[in-house]
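Have the viewer open while you read.

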Amino acid sequence: MAELGLIPADRDLVEGVVAGRRRALAKAITLVESTRADHRERAAALLDALLPHTGRSLRIGLTGVPGAGKSTFIEAFGLHLIEQGLKVAVLAVDPSSSKSGGSILGDKTRMERLCQAEAAFIRPSPSAGTLGGVAEKTREALLVCEAAGHDVVIVETVGVGQSETVVAGMTDVFVLLQLPNAGDDLQAIKKGIMELADVVIYNKADLDATAAERAAMQMRSALSLLHPASPNWQPPVLRASALRGEGIAAVWRTLQEYRDTLTASGELAEKRRRQSLDWMWQLIDAGLRHRFREHPAVKSALPQTTAAVADGGMTPTVAAHRMLNLMNRFF
Ligand code: GDP
């Protein structure tokens with residue numbers, strides 16, 4: 001692609017990322033997170049250059065309500081991976097951070113030990129824009145982390161709203177972290193989230209082992225009633241104590257088993273192909289919407305048309321048709 005030329009400074013950046021240099025990785029992610037138009041162009045060229053070095057990590061999505069123990073779990077799990085000689089990156093999609101300016105990973109006290117590990121890279125959620133914008137940047141950051149040689153990339157999200165679907169749409173395996181006593185019935189969990197889960201973990205099993213086992217059994221039977229996403233994988237329900245580091249190795253074994261099973265069946269490659277195409281269409285949709293709203297003819301006709309529709313003077317169908325026709329001059 002001729003238009004995707006790298007400027008010399010970014011050529012060094014690509015080299016630095018591929019060599020796994022931390023500073024280069026952080027800089028590259030800052031570039032992809034930027035909303036400035038010239039930065040977006042540079043970021044596109046950078047990602048294009050990094051693409052051949054991506055695709056080799058296991059992409060894990062992780063969700064759970066605040067307090068479920070996500071950061072404690074990620075720290076224990078990340079340190080376990082590092083002990084196995086692996087490199088781990090942690091990213092976050094936090095839709096609330098765009099409003100509060102904070103971030104679920106912004107708090108420096110979270111994952112203190114993992115933060116200090118040479119083989120770990122932790123990045124808070126980009127704090128600008130809509131969920132779609134945050135998700136796009138996280139997807140790009142994920143690719144940069146892969147190019148930098150991270151064997152595992154964890155994308156964390158809080159268990160509220162739409163962000164789970166978005167994270168499941170950019171990862172290979174989706175993990176739901178649960179609390180044993182968060183309401184005795186499964187109705188406390190949104191059905192949509194259960195359907196996304198490839199692995200469920202009951203954390204804090206140290207507090208009440210019996211409650212954790214009971215909750216796990218209920219979850220197993222509830223999951224068995226759902227249509228599984230893969231004919232080769234029935235989502236397992238595990239127990240762990242992130243605080244004590246118990247059950248963490250079993251989680252990693254399960255995730256490897258998931259990867260091996262779905263790689264052998266070809267489903268993982270198919271999932272990634274589908275995700276790439278979905279992403280492309282999302283970007284096209286967003287781009288078209290943006291161009292539409294920025295089109296001079298649309299801009300000038302919009303106030304009158306929306307007023308006419310709101311007042312009942314024009315049907316939405318006619319209005320939409322006319323407005324879209326204004327775009328014809330554009331192409
Ligand atoms: P997050 O909001 O999901 O990231 O949850 P945190 O990791 O911040 O954990 C919330 C609280 O639960 C903290 O006080 C943790 O120390 C505690 N916690 C996390 N995991 C466990 C666990 O396995 N057992 C116990 N007893 N406490 C835990």
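E213 is partly exposed in this predicted model, because its relative accessible area is 24%, and buried would need a value under 20%. You'll find E213 in helix α10. Leaving out residues up to four places away in sequence, E213 touches R220 and R239. V237 is worth a look too: E213 and V237 are 24 residues apart in sequence, and their C-alpha atoms are 9.7 Å apart in space.

Zooming out for a moment, the protein has 14 helices and 7 strands. It runs to 331 residues, of which 46% count as buried. As for how the chain folds back on itself, take the contacts between residues at least 6 apart in sequence: 75% of them join residues at least 24 apart.

Now for the charged pairs.

| E33 | R123 | 3.3 Å |

Start with E33 and R123, whose side chains meet in a salt bridge. This pair links distant parts of the chain, 90 residues apart. E33 belongs to helix α2 (residues 22–33), while R123 is in the loop between β3 (120–122) and α7 (131–147). Are the two partners buried or exposed? Both E33 and R123 are buried.

D38 has a relative accessible area of 37%, so it is partly exposed. R36 comes out at 47%, so it is partly exposed as well.

Why does E140 count as buried? Because its relative accessibility is 7%, under the 20% cut-off. R40, at 22%, counts as partly exposed.

A packed pair of helices is described by the angle between the axes and the distance between them. For α2 and α3, the angle is about 130° and the axes are 8 Å apart. That angle makes α2 oblique to α3, and α2 passes α3 in a left-handed crossing. Which residues meet there? On the α2 side they are A28, L31 and V32, and on the α3 side H39, R40, R42, A43, L46 and L47.

One last stop is N203, in the loop between β6 (199–202) and α10 (209–225). N203 is buried, because its relative accessible area is 3%. What does N203 touch, not counting residues up to four places away in sequence? Its contacts are A68, G69, L177, Q178, P180, A240, S241 and A242. For A242 there is a polar detail as well: the backbone nitrogen of A242 lies 2.9 Å from a polar atom of the N203 side chain.

Notes: Residues numbered from 1 in each chain as written. Predicted model: local features only at pLDDT ≥ 70, side-chain atom pairs only at ≥ 80, totals over all residues. Heavy atoms only, no water. Salt bridge = Lys/Arg side-chain N within 4 Å of Asp/Glu carboxyl O. Helix = DSSP H or I, 4+ residues; strand = E, 2+ residues; numbered from the N terminus. Buried < 20%, exposed > 50% of the residue type's maximum accessible area, 1.4 Å probe, protein only. Polar contact = N/O pair within 3.5 Å; in protein donor to acceptor, adjacent residues only side chain to side chain. Contact = heavy atoms within 4.5 Å. Axes fitted to C-alpha atoms, helices over the stretch in contact; angles between N-to-C directions. Parallel < 35°, antiparallel > 145°, perpendicular 65-115°, else oblique. Left-handed = near helix turned anticlockwise from the far one by under 90°.
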